[in-house]
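Me: I'd like to go through the charged contacts in this model. Can you take my questions one at a time?

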Amino acid sequence: MTIEITHTRREGTLIEGTSRNDGSKEVLRTRHYASGYTTLAKWSRNLGCWYLPYSRDKRTSPSMLEALADRLRAKGFEATVTIDETDRRSFAEAEQDRVERAAGRAERFAGYADNAARNSEAAWKKSHEISERFAFGQPILIGHHSEGRARRDHARMDDAMRKSIGENDRANRLTGRAQVAANYERCKKDPGRTLRRLERLRADLRAVEKWQRGESAKGYSRNPDDPELTIRHEELTEEIEHWEQLIKDAEAEGVKIWSRADFSRGDFVLYRGTWYEVLRVNPKSVTIPHIHNGTGKRIVRATGNRHDDWTWTAPYDDVSGRKSTDEMQQPPQAEAVVHQEQAKQCPPIKEPVPAAETCSANHPSPWHAKARRWALCQDAPEGRPTPATAPAERANGQDGMALVLITSKNSHRSRKRALWAMTRREAQAVCGDSRTSGRTYMLTWTVRPGVEGTDWEWTPDNGSLDPVLSDLGVTPRRDWTASVQAPTEAA
């Protein structure tokens, strides 16, 4: 039987013609650094053959594949190598396939995480059912006829609890992987990331064009007649066109793409939640006072700072807003305008609220207490815009308004997610209820959430906690109208 090693950019590197226990696995699963074979082959049940991971849509190393074939021949196999670099997918086709595969991974890992969570809960219940015999601290009676059974029960309790902890850790890992896969398309299409990606791709395209002209680029030269340069030029051109179209679509949907033409010296730029005066306008960024001057301030001007001689550059892809000098000197109008601009820059993340898990109410983990302390500390975040007062006056005490937030253990988000607005008394009752905290999430509340769209955003309510609200007699709101305050500069 002849082992065929084939490589195309469309399918990657495939190794066909092997059978189980024929001895080829020892060669394919052993790294050989001297020949450059450092990527171990994997078996695919879908393809029915071996393949090299991460070889699709990429150029291969002919010398590496020939070295692999020589090692197979040394073991008594007949091996052939076929390479066709011209057979490839378009970038749009490859990207769509990656998005679909990421969605499939997200669904698959979410199912695995649910199974692991159920197994953890079942093992925990089993351990506590066994422990009912020792609820009042019954010791092991040495020499008694019950000693053997008691020791076996202790061992079973220990095994069940260890399994519960292990399955819980596994569920957390799988939940994180599912979240990463679910965020693939959103992160890839983020306008700021896309603009930075376009800069890198255009630089690579310029280097390829120089090599084709026989010039040096990136510190070295290449053969202008190398066919790989032509293929690479086509790939980069397709990829740049794809991401440029994405930016055009984002602009058509209302996303502001900032550039040098939008700013002049003396304007104010909203950069990471703070307004900075523009000192200089550059092709790719604006020069502003150093961000160390923005600690505890809402507005940082060109003079009167602790570090007047320090500067910082804010790239246009990280800018959230602009105001002229006259606009900054006038009392601000309703801040809803700023909120809308920031919301366009960062579209809300639509994620359903997890269903309530009653198991955590029986044995809450230390993460819940830590998360609650963290949420309470968010009332006055240092270095962020000072939020406007709540809809009700502070003097109303428990009758003042509060915003109920949901936090997740394995979710790292730039903005907090808000579920409802209600009175402080109602928020304390809802967040203090054992049914509003699960294995990986919990509810908390604050009276100073910050700026909507920048510090927090509304998240969809799937109704899983409606029974809790009904039992507590709470009717939540889904709006948060902050009163107007003039911006003040902190000393």
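Me: Is Arg 10 buried, partly exposed or exposed?
Reply: Arg 10 counts as partly exposed because its relative accessibility is 27%. Buried means under 20% relative accessible area, exposed over 50%, and partly exposed in between (1.4 Å probe, protein chains only). This is a predicted model: local features need pLDDT of at least 70, side-chain atom pairs count only at pLDDT 80 or more, and totals for chains, interfaces and linings use all residues. Residues are numbered from 1 along each chain as its sequence is written, and side-chain values use heavy atoms, with hydrogens and water left out.

Me: What does Arg 10 form a salt bridge with?
Reply: Asp 87, with the closest N and O atoms 3.0 Å apart. The pair links distant parts of the chain, 77 residues apart. Arg 10 is in the loop between strands E1 and E2, Asp 87 in the loop between strand E5 and helix H3. Helices (H or I, at least four residues) and strands (E, at least two) are DSSP runs, numbered from the N terminus. A salt bridge needs a side-chain nitrogen of Lys or Arg within 4 Å of a carboxyl oxygen of Asp or Glu.

Me: How many salt bridges in the whole structure?
Reply: The search finds 36.

Me: Which residue does Glu 228 meet in a salt bridge?
Reply: Arg 59, at 3.9 Å, N to O. Glu 228 lies in helix H7 and Arg 59 in the loop between E4 and H2, so the pair ties together parts 169 residues apart in sequence. Glu 228 counts as buried because its relative accessibility is 10%. Arg 59 has a relative accessible area of 46%, so it is partly exposed.

Me: And what is Arg 322 paired with?
Reply: Asp 267, closest N and O atoms 3.3 Å apart. Arg 322 sits in strand E12, Asp 267 in the loop between H7 and strand E6, 55 residues apart. Asp 267 is buried, at 7% relative accessibility.

Me: Which residues do salt bridges with shared partners join into one network?
Reply: Arg 9, Arg 59, Glu 85, Glu 228, Arg 232 and Glu 235.
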